[in-house]
Amino acid sequence: MTPALDADPALARDAAHERRFFLSLSLPALAVVGLAAILPILWILRQSFMNLGGEVTLANWTKILNSSLTWSSLQTTFVLSGLTLVICIALGTPLALALASTTQRRANLLLIFLLLPLWTSILVRTYGWLVLLRREGLVNAALQNIGLTAEPLPLVYNTTGVVIGMVHYMLPLYVLPVYAAMRDIDGNVLRAAASMGASLGQAIRTVILPLAQGGILSGSIIVFVYTLGFFITPAVLGGGKVNPIAIRIERTIGGFQDWGGASVLGVPLLVVVALIGAAVLGLRRVAGPRHA
Amino acid sequence: MAPVPINFDRVRKAFGSYLALDDVSLAVSAGEFLTLLGPSGSGKTTLLMALAGFVRPDAGRIRLGETDITRLAPDKRDIGIVFQNYALFPHMTVRGNVEYPLRLRKRPADEIRRRAEAALDRVQLLDLADRDIAALSGGQRQRVALARAIVYEPRVMLMDEPLSALDKNLREAMQYEIRRLHDDLGITTIYVTHDQREALTMSDRIAVMDGGGIRQVDTPQAIYHHPATRFVAEFMGEANILPAAALLGPAAVGSVMVRSESFHLAADGLPADAVSVEGRLKAKAFRSENWLLTLVLPSGESVALSIPATRAAGCAEIAPGALVTAHATATSVHPLGAA
């Protein structure tokens with residue numbers, strides 16, 4: 001018997017070289033993320049501990065954290081994001097299921113309609129909602145004409161209006177990952193469930209939703225995290241009465257040139273997003289092996 | 001539960017201009033193991049899916065026992081299906097998959113557990129009951145699919161090419177096992193395959209399908225030895241289709257079919273009415289259990305001879321171009337229909 005050969009260092013070097021090459025592909029993206037996200041975040045944190053003269057101080061934190069406006073705007077932020085998320089799940093999940101159930105051709109056509117709004121400026125669309133929702137707007141006129149309501153409903157310059165605008169913007173972004181996850185479900189798995197006696201409702205509950213949960217989670221995170229920082233929609237449709245944190249930040253800078261205070265306001269959002277990210281990574285680790 | 005017969009009565013299904021099922025009628029007896037055999041696109045899976053309720057026919061009726069199920073929803077048909085790709089629930093364990101149909105039926109927890117374990121035991125998978133599906137091999141997955149389909153004792157069992165993704169040895173073992181399972185349970189079974197050997201090995205009867213219609217329904221032996229048409233003859237195995245005149249004399253008309261293994265190189269021991277053809281050897285190949293010889297007749301037709309090793313003395317010495325006479329008994333020469 002011939003003795004086993006020693007490992008060839010040249011082959012090991014080739015393997016290492018290959019790994020380095022593939023890692024290097026991520027460098028441009030890492031550089032952009034570093035410059036455009038990490039650095040500004042660090043700058044915000046630093047800024048929050050400085051006064052206008054550039055001296056280190058805790059004054060920004062005590063002032064902002066002691067203001068009731070801060071807490072009410074934080075609450076508004078989470079209420080808006082939460083409501084938007086709940087409505088997106090309620091509207092978007094059945095829509096994604098419908099898209100995934102039809103033929104690929106028809107689904108592609110419907111997807112174009114779903115994505116069409118995303119090609120329009122958010123400002124244009126938001127003002128569009130203003131036209132539709134205000135007291136003399138189309139929606140109220142129609143409701144009164146068919147006799148459903150006597151008085152115009154308050155549909156805008158309040159939470160209702162802002163949530164309508166946010167849902168309109170976020171719905172396609174929620175539907176896409178959910179649709180993709182549902183499209184991936186093997187049709188035979190659903191046929192198997194039906195042959196064993198599962199009604200459509202039971203199949204949805206016991207097979208489709210569990211298998212699409214990754215997509216639902218992704219879509220939910222996109223909606224929640226994205227809407228935390230929404231500015232234009234509450235600014236236009238909230239009419240000064242609905243003030244999430246993004247609007248407070250803008251006023252703190254635009255009205256008072258208070259960069260330190262605005263930086264403090266930005267930190268809770270960062271923390272929440274970071275916590276969501278950590279939770280998702282944790283979930284992946286728990287749920288991971290079964291889907292590996 | 002007593003096994004039920006299945007009746008297809010002039011079932012038609014078109015997909016656009018493509019006629020997938022062309023007025024198919026077929027009666028499957030209670031407790032029978034019937035195989036739908038045909039090339040891809042012959043309509044066999046469409047017929048199966050029509051029975052399961054996933055393809056809605058354009059016309060015709062389908063009956064399970066006395067019940068017309070043509071318009072019944074799939075989940076009300078009480079049919080067990082084993083799919084080619086297993087179609088297991090990836091988010092459940094082996095046990096979860098097998099318990100699923102019983103949970104839908106809201107059986108008591110202890111009964112669910114007992115029956116699921118009995119079904120898993122039947123397919124020798126009880127040890128793996130708490131594994132994830134992703135941790136199983138292809139053969140194990142197929143057993144889970146079988147256990148899941150039998151656990152609720154459906155009235156009918158459908159199998160759509162269940163073994164085609166397995167390697168050869170495993171496939172043959174599973175053929176035997178599925179047939180044994182059928183004999184134990186007695187469930188009326190329709191089995192779909194494009195593998196004629198599998199169909200011959202497993203079935204009580206075979207329905208050969210082509211172009212959306214059934215070309216012949218009969219026992220494996222009859223289908224193999226007495227094919228009704230040229231298509232059936234060629235699909236079922238190596239078939240020599242020759243002008244009748246080449247074997248039976250100038251007066252004979254039409255075509256005849258002779259299986260390659262029906263030929264003998266020597267006439268000794270054959271009945272007096274044996275017939276023969278003479279041709280030159282074109283090619284020969286040794287295939288362990290037999291020799292495969294190809295002759296070219298003076299009329300230009302090729303004839304394949306499969307000579308078993310036990311009577312292949314001299315095969316190795318025949319040189320290409322040599323004149324060879326092949327004999328066959330009269331009973332092994334089958335006249336073919338027109339189609």
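Author: First, a definition for the angles. Axes are lines fitted to C-alpha atoms, for helices over the stretch in contact, and angles run from 0 to 180 degrees between N-to-C directions. Keep in mind that this is a predicted model.

Reader: Fine. At what angle do α8 and α11 of chain A cross?
Author: At roughly 160°. Helix α8(A) covers residues 159-183 and helix α11(A) covers 213-228. Their axes come within 7 Å.

Reader: Roughly parallel or roughly antiparallel, then?
Author: Angles over 145 degrees count as roughly antiparallel. Therefore α8(A) is roughly antiparallel to α11(A).

Reader: Is the crossing left-handed or right-handed?
Author: The crossing of α8(A) and α11(A) is right-handed.

Reader: Which residues make the contact?
Author: From α8(A), they include Met166(A), Met170(A), Leu173(A) and Tyr174(A). From α11(A), Gly214(A), Gly215(A), Ile216(A) and Ile222(A) are among them. By class, the contact has 13 nonpolar and five polar residues, with no charged ones.

Reader: Switching to the interface. How many residues does each chain give?
Author: Chain A gives 17 residues and chain B gives 19 residues.

Reader: Which element has the largest share on the chain A side?
Author: That is α9(A), with six residues. Two elements of chain A give two or more residues to the side touching chain B: α9 (187-195) and α10 (200-211).

Reader: What classes are the residues on that side?
Author: Nine are nonpolar, five polar and three charged on the side of chain A that touches chain B.

Reader: Now chain B. How many helices and strands?
Author: Chain B has nine helices and 17 strands. Its C-alpha trace spans about 75 × 45 × 35 Å along the principal axes. Of its 339 residues, 39% count as buried.

Reader: And how many of its contacts join residues at least 24 apart?
Author: The share is 64%, among contacts in chain B between residues at least 6 apart in sequence.

Reader: Which residue in β16(B) is the bridge partner of Ser276(B)?
Author: His327(B) is the bridge partner of Ser276(B).

Conventions. Residues numbered from 1 in each chain as written. Chains lettered and ligands numbered in written order. Predicted model: local features only at pLDDT ≥ 70, side-chain atom pairs only at ≥ 80, totals over all residues. Pairing = 2+ DSSP bridges. Helix = DSSP H or I, 4+ residues; strand = E, 2+ residues; numbered from the N terminus. Contact = placed C-beta atoms within 7 Å. Nonpolar A, V, L, I, M, F, W, Y, C, P; charged D, E, K, R; others polar. Buried ≥ 20, exposed ≤ 12 C-beta atoms within 10 Å, placed from the backbone. Parallel < 35°, antiparallel > 145°, perpendicular 65-115°, else oblique. Left-handed = near helix turned anticlockwise from the far one by under 90°.
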